Structures are given as C-alpha cells and as structure tokens.
Amino acid sequence: MQKRITHAIDNGLSCLQVTERDLQTLLERTKEEKPVKKKLSVAFVLTLALVLLAVAALAVGAIRGVFHLGKAQGRPRSCAIADDVLYYQVGNAVYTWTPDSQTARELLSWDQEDTPAYASFLFYNDRPMLLDLKNAGLWACGDGTLKLVRKYGAPFAPFDMRTDSAVYADGAVIVLHIPPNGTEEDGILYHIDLESGQTTELPARGVLEMTCYRQRELLVLQRETLPEGSIERLAVLDAHTGEEQAELCTMSLLATEGIAADADGRIYAMVAGNLCELRQGEWQPLYPCSLPVHTGFAGVLSTGYVTAGQEGVRFMPFEPCEQGRVLRIRGLMSTNPELDYAFEQAHEGVTVSREVTAHLCARELAEALESREPCDLYHLCLDAYTLELLQNGALAPIDAPDLLAEVQEITPKLRDAFVRGDTLVAVPSDATVYGWQAHETLLRIPATFTDMLTAPPAWSREAYAHYLVNQFVRQAKPEMPDFAAPAFTRALEALKQADIPIDMEGADGLLRSGRSFSFGDLFDGDGFRDIMPVGVDDTLPPRMQGQILVYVISPNAPNPDLALAFLRTMQSRRDPQTNALLAPETARPVLHAYMEEWIQALMEEQRTLDAQQGVPTDEKMLAARIDELRNSPGNHAITQEKLNFYREMFEPLVDWGLEPMLRGMSGPHDGTLSAMREVVMRYLADEISREACSRELNALIP
Amino acid sequence: MNDESTQLLTRWVEQFGNAILRTCFLLLGDRQQAEDAMQDTFLKAWKAMNRFEGRDGCTEKTWLMRIAINTCRDYRRSRWARHIDATQALDTLAVPAEQMQPDERWLLSDILRMPTALKQVLILYYYQQMTLDEAAQALGTSRSTVHRRLKRAEALLRDTLKGGEGL
C-alpha cells in the first residue's frame, strides 16, 4: 500500500515542486520579518533555572546529597558507563560526566549528513561507538568526529522509535523492542551480533527493563501474569541465548524502576519510593527518593546511582549526608509524571517518596489508616467505598479555602464527593471519561449492544459480558436495574449466540482501558460518534463511565503542611482536560502549552529588540498581536466549540459511578460488577439457565 | 538574517520542500493555498529555529510536518477554504490527467476526499514514511489515535486499491 500511495502522490503531484524562485521569495520574506536573535529562549531560561537550582542543590548537597545535572543540552537519549564515567548522547553530540563535576563535557558533536539521529551509544572493543539500529550501521566516535566503520547488509529488525532500550553485552547488543501494537509488557528482546550483524529473537517475554550484568548476562525486570494477579520479578538471563539463569526476587506490580548493576554484581533500583540495594534477595532501602521522570537509563558509578530521563541526569550518592524532610505518598501512579519533581524543585530540601501501587482500594486504605502508617498522602480512585470513608471522617480535613473554592465549581454530579459538610476531604487529580471501546477496524458504529455483536469480535467473551452488565446497570440509573427485563435478556441471549472466542489475544485490558474521551479527538465535528458508547437498552440514553482519582491526606500524616502544599502544586499543574471534565460549565478555552511558551517568548523578544533599538515598546500593538494569537481556535488545546460540544453531547451521559451498585471498581475486592460478570459467564458456559442468571443477578443488587 | 540560519533554512527547503508542498496540497486541495502554506511553514520554522534544538525525540522532519499540518489547519478554518471542492483539486494541477494512470488518479482523488484527520495520518505514515510515534508527535495526538485513524483510512482506500496490484 505504501508503494502505491507514494507513487500516486509523487507521480500525480510531480508538478508540485519547490523552485529556486520559491526559495528566494522565502528568503526575502525572512528579511522582512524580525531576525532571529541570539536570545535566551524561555526553554533556555527554564533550563538555566534548572541548572542554577542544580548548582544550589549541590551547594546544599550536604543535606540532600542528590545532584541534578539538568539538561542544558537536551534530554539524554542513549547512555553508557565506562571507567566510572557517564557517557550520554543528546541530539548530534555525546557528553561525559563524572560525579566530581558540576557540568557535563562535550566529547564530540557532528553535523555530517547521514549520521544517525537515533542510535545507541556503547563501547565495543573498548572504543566508543554509536549503533544505528534503524539503518544498521556502526559508527566510531573519535577525534571529534563520527566515522561509519560498518554497514551491515540487511536491517537488523523492524525497529522504530519504540526501541525502548539497548545494552551492550559481550560483543552483542541486546535490544528491547515494543512491537507497533504492543504495550510495555509485549517487549521482545533481540540479540544483535556486532561482528556479523545477525539478529536473533530471544525467548524472554514480559521484559520491562534490562541492564548488563556480570559477564555474558543480562539483568531483567519482568512482568509475569499469574492466576492470582500480575507480579514483577528480577531475573538473570544469558545475554546470548536469553535463557533464564536465576530468579533473584519478586516484587509487587509497578513498585520497581531503574534497575542497575555495578561491575561487582551489586544491584540497585528505586523501589517503593526508596533507592535500594538488593541484599540476599531483599531490597534494602538506602534512602527515600522521588522517581525520575520518564527514566530511560539507570546505571552505577563507583560512588552512586545515576539515572537519565526527561528531567536530565540525576545522581544519587550511595552515602548521602543528612536528609531533609520527606513527603510520603502511596497509591496509584501520578498522571502527571513531572509532578513530584516539580514539587521538589519548588520546595528545597524536600524529597517526595512515592510508593506506586497497581491498585489502592478503600479497604486497603482503611487498613493503612488503622495501622497508623506514617504516610502523608494517598492517591486512589473515587468510588462508593472511598466515598464512604471520606464521609465517615476517616481522612484528615484539608484546610485550604482556595482548594475548597475550586471544588464549588465542579459539576453538581460530583461536587459533594469531595466535601464532608463544609470541609474539604479530597482533591481530584485526574478525571477520565470512557466511551466507545470497540476495535479500530470497526467502521460502522453499532446502534445497540446486540448490533455490536454482529461486528467482528474485538474483545473476549468476558469483556463483552462486563460491558453488558456495566452499561445496563448505568443505563437503568437512577432506578435499580431489572436483569429479567427483555432489553437485558435479549442482549444476553445474543451474546450467547454470538461467535465470540472465550479468549482473544491482546483483548485483555481493552475494556478496562477503553477509549477515553479527549477534547483533542473531537475533529471535523463528527468524531463524537466514535466516542459515544453503545447502550444495551435502546430506549434509554447510553452512559459514559467516568473515573476520578483523588488525593487524600492521612490523619497520621507526619507532614500535613507539606501534604497541603503538594495538593496545591498538583492542583496548579492539573491538566486542562481534567479541569474541563471536572467543571465543564465554567471551563474556558485553553491554549496549547507550547503557545503559552511562544507568546511569552514573543513578548520578551519584542521588548528586548525595542530596548536594543532604544524605542519604547508599543504595548497596544503587542497586546493586539497576543490577543490575536490567544483568540485563534487553532492555538487551543480546548476550544469553546469543543467545550460546548462536550456540554451538550457528553456531559449529560457521564456517570461517575459513586453509587454502591458500582462499588469496588477501583480495587480487587468485593466488586459487585465483577460478581455479576461471573454470573453472566456461567450462563454463557451453559452452567445456569437464562432465568437463573437473571435471578442471580437481581439478587446481587445491593 | 545570519548565514547560519540562511543555510539551515535553505537545507530544510531543499530537503523537505517538495514533501511539505505536496502534503499541504493534499490537505488543502488547492495549489495556491498549498504554496502559501508551504512558505508560511518554513517561515514559522525559521522564526522558531532556535527553539527546535533539543526537542525531545523530535526530528526536523517531524517538527516541520507538525508546523505544516497546523498551518494547513489554520488555512482550512478560513471561510474561503470551506468552498474548495476536493474532488476538483487535481484539475488545478498542471499535470494533464491523461499523464496519470487511472488507478493512480482514483487513488489520489480518494485521498483528497478523505476526512482531514484520516488524511493526515495516511500522508504522514505512508507518504512521509513516519512511524506511528513520529506521526503522533507531528499531529500532537496519541499513538493509539493515529493507529485507529490509519486503520480507518486504509479501510476507506481498500476498495480503490483492490483493483490494483502490489498491495
């Protein structure tokens, strides 16, 4: 298809060519415009601020010990450690850094044509090299230049930008590659022999992270799905065959990040909010630390542990001096990956230690509170059980008039959930509205659940069963559902007769993750049909399932003041989409984040230029220009048109699921819907009659 | 304008100019507008040149395509653009229709008629040969959205392509 499309376009549009005259016109136009001045862009100023903060952090290193190198050159991409030196690639340059230095040093940079922009840095035969995975070439770094030393005959494998990581081990590079439609659990390990270029797929599955380990070995963090739930494990593989050599330990889901090993085989990682060392199969905390943002690399230097990610390079010495205050958070992952880092940057001497858990239901929270766990904040899903805890006064009141005032703006469907009487008890962090969840290949949008079953199956039978019960319960509201009603029994029988496999590879998770509503997806005015869910009872409007995540302060919080400050930071950095979903009536159009940056830069640029020319800035004209940018719908992440659309088409259908009927949605315990789904599955398996199924379902209604 | 930025701009135009011009045409369905949009794209890129450095995981091509797509989006919002008949767009070109194979012309017409959101991903993925991630980056949307739209675009073209060879 690619060949034909490309040929049709290139041939059909061959007369469309940029001419020399076009180029000259363009160059003339650039002369008319204000020239690009060598100025400090907002991004650079921010970066500079980060560097200054990093220097300040170093100055107070005696307290915190953690050093942020910043990312003055950009985000580190590919890293390696050799002879206690960190090497990292940013764009077309390689830098080095050692812990005794406050700045990185440029090893080399290049601007040659055809040099690799996306490559893995490694030491091969003790020489620094860049392996271009996409074009199968090996480049030597030396004498300040890059030199192509080997061009392998054929591409290694269909690597694209989702090659998550590559490590060098004993004459080979091991690549962790996520297939185009895969999730992080679907990663495939490839072994590339650097001598021959031969690529071999290794048998290990579920690898989330890897690092080189001792001779010929790989250390991997693997996710394994067991009947009782998923776990993560640390295992040693043979680097050349991928065969497992040993299992070192198992961990709970999502608890571990940034595995790294030193030359002597000591293993480190960030586990449950701490930098830890693995000793006798147990993670021993060294000290609390926040999770780096989008970590791409973790490694060990002789005096500490180093990571590279979105925030730049971070160094954590193994023996830090006295630590400052630690804000402890437990629960679901933050939907804003930079939040903890931003809070730390704004509160000198404070470390955010976040223990990420795959779930935190109200029952687990109640147990934690009862055990007087010294935790400041919990992050969990708001459901009927959580609501009950909030309304029973189990959580600490949040004394913040500003946050309380914001809650008053929230949609009436939700407003009361965050307050107990006049007291604020929870602050929302994220809102998601789920809608249509069918497979991408489905072109015609079905009108009803039964109609949906005639389309090619996209989910497992269990997923359809869950959808049926979930949608029917929600559609019936505010009444209790009657599972003996014809609308339900017809759909139930249709499901039984439909040719849907019990299991579908890759279907797991489709239903739960679903297709969430996004203002960005409302395109060309008709995109809403893809998002609107399909009802079971076509006489009632379909329902969209909403989900809210909240932070609550523990009554046992050691740092209630920090917890409150964190909530304010979180609220100020909450994404515009969540704000609009929470308070659609008062929401306003929001510019793209990059437009705000652009506008700031524009104003700064104009004033600087005027100052250089000694003329006063025409503030009126500048304001008009800014207004023009602010008023252009194309510059908005959320437009007034889309807001209106959401208010009219979607908001009335959203059900936030705070009733007992839908309790237990956020955790593994006591889910009424889960029990109902099981009953339906028994009917589908011919274990019970349809009448018995309806009876049992009705009996499960609280 | 200094030499450095002139050189970079010239290289961009030489390297990506035709692809951007054709992409603009496919999105706008009008030659004159496409040429203007191409010029505007490079002008915007030139003005923001010093902000490109260090964009996370963003190649020059992806970045320029993103600007081009946003520029075309703004053009399409203009009242005038709404009156353009995409099916007639090919007739505005200098290439006589008889110089094109019929199946190519149908394919091109189908692409031009396609809803913009689908057309964008099709152009980026197949014509610009971007990965799903790069296309997502260029469009400022998620990978899954790009994938979904691509499938829909492919399905829309399937009938046209059925008659051809080498699918």
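**Notebook: helices of chain B and some backbone details**

I began with Q128(B), whose place is in the loop between α6 and α7 of chain B, where helices (H or I, at least four residues) and strands (E, at least two) are DSSP runs numbered from the N terminus. I noted that the model is predicted, that local features need pLDDT of at least 70, that side-chain atom pairs count only at pLDDT 80 or more, and that totals for chains, interfaces and linings use all residues. I also noted that residues are numbered from 1 along each chain as its sequence is written, that chains are lettered from A and ligands numbered from 1 in the order in which they are written, and that side-chain values use heavy atoms, with hydrogens and water left out.

I looked up the accessibility of Q128(B) and found 3%, which counts as buried (buried means under 20% relative accessible area, exposed over 50%, and partly exposed in between, with a 1.4 Å probe and protein chains only). Leaving aside neighbours within four places in sequence, Q128(B) is in contact with A19(B), T23(B), K61(B), M65(B) and I123(B), contact meaning heavy atoms within 4.5 Å. In the loop between α6 and α7 of chain B I also found Q129(B), which has a positive phi of about 55° although it is not a glycine.

Is α6(B) enclosed or open? I found that 11 of its 12 residues are buried, so α6(B) is largely enclosed by the rest of the structure; among the buried ones are T116(B), K119(B), I123(B) and Y127(B).

I then followed α6 (residues 116–127) to α7 (residues 132–139), both of chain B, and found that their axes come within 9 Å and cross at roughly 135°. That makes α6(B) oblique to α7(B), since angles under 35 degrees count as roughly parallel, over 145 as roughly antiparallel, 65 to 115 as roughly perpendicular and the rest as oblique. The axes are lines fitted to C-alpha atoms, for helices over the stretch in contact, and the angles run from 0 to 180 degrees between N-to-C directions. On the α6(B) side the contact is made by Q120(B), V121(B), L124(B) and Y125(B), and on the α7(B) side by L132(B), A135(B), A138(B) and L139(B). I sorted these residues by class as seven nonpolar, one polar and no charged, with Ala, Val, Leu, Ile, Met, Phe, Trp, Tyr, Cys and Pro counted as nonpolar, Asp, Glu, Lys and Arg as charged, and the others, Gly among them, as polar.

R73(B), found in helix α4 (residues 60–77) of chain B, is in contact with Q120(B) and L139(B), leaving aside its neighbours within four places in sequence. R73(B) is partly exposed, with a relative accessible area of 25%.

**Helices α1(B) and α2(B)**

I found that the axes of α1(B) and helix α2 (residues 31–47) of chain B come within 8 Å and cross at roughly 145°, and that this crossing too is right-handed. The residues in this contact include W12(B), F16(B) and I20(B) of α1(B) and M38(B), T41(B) and F42(B) of α2(B). By class, the contact has 15 nonpolar, four polar and two charged residues.

**The cores**

Which residues have the most contacts inside the largest nonpolar core? I read I5(A), L9(B), W12(B), I20(B) and F42(B), in a core of 68 residues; a nonpolar core is a set of buried Ala, Val, Leu, Ile, Met, Phe, Trp, Tyr and Cys residues joined through side-chain atoms within 4.5 Å. Helix α1 (residues 3–28) of chain B gives the most to this core, with 12 residues. Apart from it lies another core, of 65 residues, among them L390(A) and I638(A).

**Two places in chain A**

A136(A), in the loop between β7 (127–132) and β8 (137–142) of chain A, has a positive phi of about 55° although it is not a glycine, and it is buried, with a relative accessible area of 1%. I also noted that the peptide bond from K477(A) to P478(A) is cis, with omega near 10°.

**Chain B as a whole**

I counted eight helices and zero strands in chain B, and of its 167 residues 58% count as buried.

Methods: A crossing is left-handed if the near helix is turned anticlockwise from the far one by less than a right angle, and right-handed if clockwise.
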